[in-house]
Structures are given as structure tokens and as C-alpha cells.
Amino acid sequence: MNDITLAPIQPDQPSHLMATYGRQAISFVRGRGAYLYTEDGTEYLDALTGIAVCGLGHAHPVIAEAIAEQAATLVHTSNLFEIPWQTAAAQKLAEVSGMEEIFFSNSGAESNEGAIKIARKFGTQQGVSSPKIIVAEQSFHGRTLATLSATGNKKVQDGFAPLTNDFIRVPFGDIEAIQEAALQHPDIVAILIEPIQGEGGINTAPQGFSYLEEVRTICNQHNWLMMLDEIQTGNGRTGKYFAYQHTNIVPDVLTTAKGLGNGFPVGAVMTQGKAVGLLGPGSHGSTYGGTVLGSRVVYTVIDTIQKENAVENAAVVGRYIVDQLRTQLADKNVQVRGFGMMIGIQLPKDCAELVAIARDQHKLIINVTAGSVVRLLPPINMTQAQADDLLERLVTLINNYL
């Protein structure tokens, strides 16, 4: 095996990367579980996990072994052929999701694109010439042109007009607004929402998850598809395998990605009930969707989550973190919200600068979303001891800031 050592990047060395990210002045060379390490061995507690991606932590030995073994055996053949690992991964995902059909993509945005295509196909079959989809304000569904159009964030849309006009926007959690839209727009065919708005600030509906039950009822009444974007909330993040499982409903279309591959780029769009069979041969595809390697990763991640009881752990340890934050920050005028290992701390003022302070002074990786919300997305298998480590660093950070 060839050893390749990268030369240190010099401060005046030009970069050939597009400047699409405001990168932090730090890089990590290895990780283990809930911790990341720089070249000099400095340890950082990772409470972001690649933005809800590495749910089982970094360099999980079982997943690393599966990737290495499969990469040395067979990586890709294309969907022109049967892929046994893809069939097995789909079976696993169907078991934990309650869905019937699964299409593997490469990302969350691609999964949501698939959902939008399914809604359009459904509408066309219902005789609707210009199908519309209801989406929520402050939502985030991706950065392709269709998913950007569905997203309720003008900042990320700026400069990319004209966007598609296939989406009708309503306030998140507002059932009356959905009912009013139904009266005004007879060409609505679906609703696409997140159970919890991650990028929007860990927003939960005022009525909690019962909001999803109310949406399900409305979709049934109007023969709409209920489509849930669980790109971030899925794969154990909220203390259930999928966030909708906090209720008794099942969506018609479900999308996920992020934690599905624990760092490996893979996503999925899933259907059940009246959404089954809408996409047939030639109507959708992806060169890299569901490769042999990607499918084995998905199978291994789901299997590992099950064997480690990681979903249950996320519920218990996540509740502990929330309770401790509410207790220890009770006098700081903050609001703590979230489920499982998807936690937001709403501060009384904008706090983007906390990202750098946490990193440099407390060796803690977090991010700030919606201006004033500290977002925590720790590994779903985080231990009690690691949670206490997180709390000590984070509470000190916020106490010093406020």
C-alpha cells in the first residue's frame, strides 16, 4: 500500500477550489467516535458530526471494515445489473421506515428532487396540468434549482432567479394556512415538510409532532401526497428511527440522507401506499445511486445502529442533555428545544461568533443557525460520559458569553 503524505498548505499558496464555503481556519486529520484530531494531536469534541452525518461517530470500526473490504472487492457495476447489496439495503431500510419502495440517490437534495418528481407524476396522473406543492417558511430542502425553489430561505435563493413557481409557501405548523391554500389553489397535489426544521433553527411546530397527524388528515381529505423531508431528522437522530415515528401516521413519500451513510455520500427517496409505482423504468435514475459500495455501507450502518441500540441511546442521552441544559442555563434567558440528538439552544441575541470561541477556547465543534441558535448534532451513540464532557464545555461557553 502506497503511503501518501500531503505537504502543508502555505498561507500564500493559491487555492483552486471555488469559494462556496466560508471555511474555518482548521483542518482535522483523523477522528474516533465523538472526537476529532488535528495534525498536532489536539483533540476536539465534535457536537456537529459533519452536520448530522456521522451519527455513529468518526471511524466506526465496523463501518470502516465494511468499506475497506467492499472497496477491495467491487465498487460499482451500474444499475443495468442486479446489485444484491442494494436489494439487501433496501430491505433493511424498508423494515425501519415502514415504506414499500426505495430509490437510492447520492444526497439529500437528490432525494428531494426525486420526491418532487413523484409529486408531479402523481398530479399529472390526476389530470392536473401544473401540479403545486405546499412547503413551509424557514425550510431547507437543498440547493438544486427545484429544491432551492422549495426552500424557505431567501438568503440562499438570492441570485438564482428565476426559481420554479411550483411551490406554495405557508408558515411552519400553521394548519389553517394549509386549509386556506387548499381553497385557493385547486392544483395542489402534495405537501413537503420537515418534521423539525434543522437549518431553520431546530424549529418544532407549536403543536409538536401532532402537526404531522393534522397534515396527514388534510392530505387524505384532498388526495394529496404527504411527503416528509427527513434528510436531517432520520436515521435515529430524534430518538426514533424516523421522526414521524413519534406519531401513528406514515407519509406517502419519505426522503433521507446524511446519517444514512455515516459519512459516505448516499440518500434515498421512499414511497408507500398511493405513491408506489409512480416512477417506472426510464422515469428516474442515477449513475451512482445505490452502487455496490454505497449499498453495503447503508446496510452496515442500519445494522450497526440496530445492534448498538443507538436510536434508544439517542432518546435517553439526548433527553439528559436537554434537561441539563435547561437546568444549568435556567437564569440565562435561553430556550432549549429538540428531540434526541437534535438540539437547539436559542440565545437572546445573535451569536455566530460562538462557533470560533467554542472551537478555539473550549475545543468544541458546534454551529450556529438562524442567527441565534446554537445547534447540537452529536453522535447518536454518544455515551453519558461524553455528554457530561459536552455539557461542561458548552455551559461554560454560554455562561461566559451571556
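Predicted model: local features only at pLDDT ≥ 70, side-chain atom pairs only at ≥ 80, totals over all residues.

Me: ok, how many cavities of 30 Å³ or more does a search of the whole structure find?
Reply: Two. The largest cavity has a volume of about 60 Å³, and the second largest cavity holds about 40 Å³.

Me: what lines the second largest cavity?
Reply: Pro 195, Thr 204, Ala 205, Gly 208, Phe 209, Tyr 211, Leu 212 and Phe 339. Six of these lining residues are nonpolar and two are polar, with no charged residue.

Me: and the largest cavity, which residues are closest to its centre?
Reply: Ala 52, Gly 55, Asn 235, Arg 237 and Gly 259, out of 14 lining residues. By class, that lining splits into six nonpolar, six polar and two charged residues.

Me: switching to pockets. How much space lies in the second largest pocket?
Reply: About 440 Å³. Its lining has 23 residues, and those nearest the centre are Ile 102, Phe 103, Leu 279, Gly 280 and His 284. Helix H3 (84–97), strand S4 (101–105) and strand S10 (267–271) are the elements that contribute two or more residues each.

Me: which one gives the largest share?
Reply: S4, with four residues.

Me: what does that pocket's lining look like by class?
Reply: Eleven nonpolar residues, eleven polar and one charged in the second largest pocket.

Me: S4 again: where is it in the sheet?
Reply: The sheet is open, with seven strands in the order S4-S10-S9-S8-S7-S5-S6 and mixed pairing. S4 is an edge strand, and so is S6; each of them pairs on one side only. On average, neighbouring strands are turned by 20 degrees against each other, ignoring direction.

Me: in what sense do S7 and S8 pair?
Reply: Parallel, over four bridges, between S7 (residues 188–193) and S8 (residues 225–229). In one of the bridges, Ile 193 is partnered with Leu 228 of S8.

Me: which helix packs there, touching S7 and S8?
Reply: Helix H8 (residues 210–222) packs on the sheet and touches both strands. The direction of H8 makes about 150 degrees with that of S8.

Me: backbone next. Which peptide bond is cis?
Reply: The one from Ala 161 to Pro 162 is cis, its omega being near 0 degrees. Pro 162 sits in the loop between helix H6 (154–157) and strand S6 (167–170).

Me: then what is the phi of Thr 49?
Reply: Positive, about 45 degrees, and this residue is not a glycine. Thr 49 is part of helix H1 (residues 49–52). Ala 370 is also a residue other than glycine with a positive phi, near 55 degrees; Ala 370 lies in the loop between strand S14 (367–369) and strand S15 (373–376).

Me: is Thr 49 buried or exposed?
Reply: Buried, because its relative accessible area is 0%, and the cut-off for buried is under 20%.

Me: what is Thr 49 in contact with, leaving aside neighbours within four places in sequence?
Reply: Cys 54, Arg 237, Leu 377, Pro 378 and Pro 379.

Notes
Residues numbered from 1 in each chain as written. Heavy atoms only, no water. 1 Å grid on protein atoms, 1.4 Å probe; cavity = no way out; pocket = protein on both sides within 12 Å on 5 of 7 lines; lining within 4 Å. Points joined across faces, edges and corners; volume = space filled by probe spheres on them. Nonpolar A, V, L, I, M, F, W, Y, C, P; charged D, E, K, R; others polar. Buried < 20%, exposed > 50% of the residue type's maximum accessible area, 1.4 Å probe, protein only. Pairing = 2+ DSSP bridges. Axes fitted to C-alpha atoms, helices over the stretch in contact; angles between N-to-C directions. Contact = heavy atoms within 4.5 Å.
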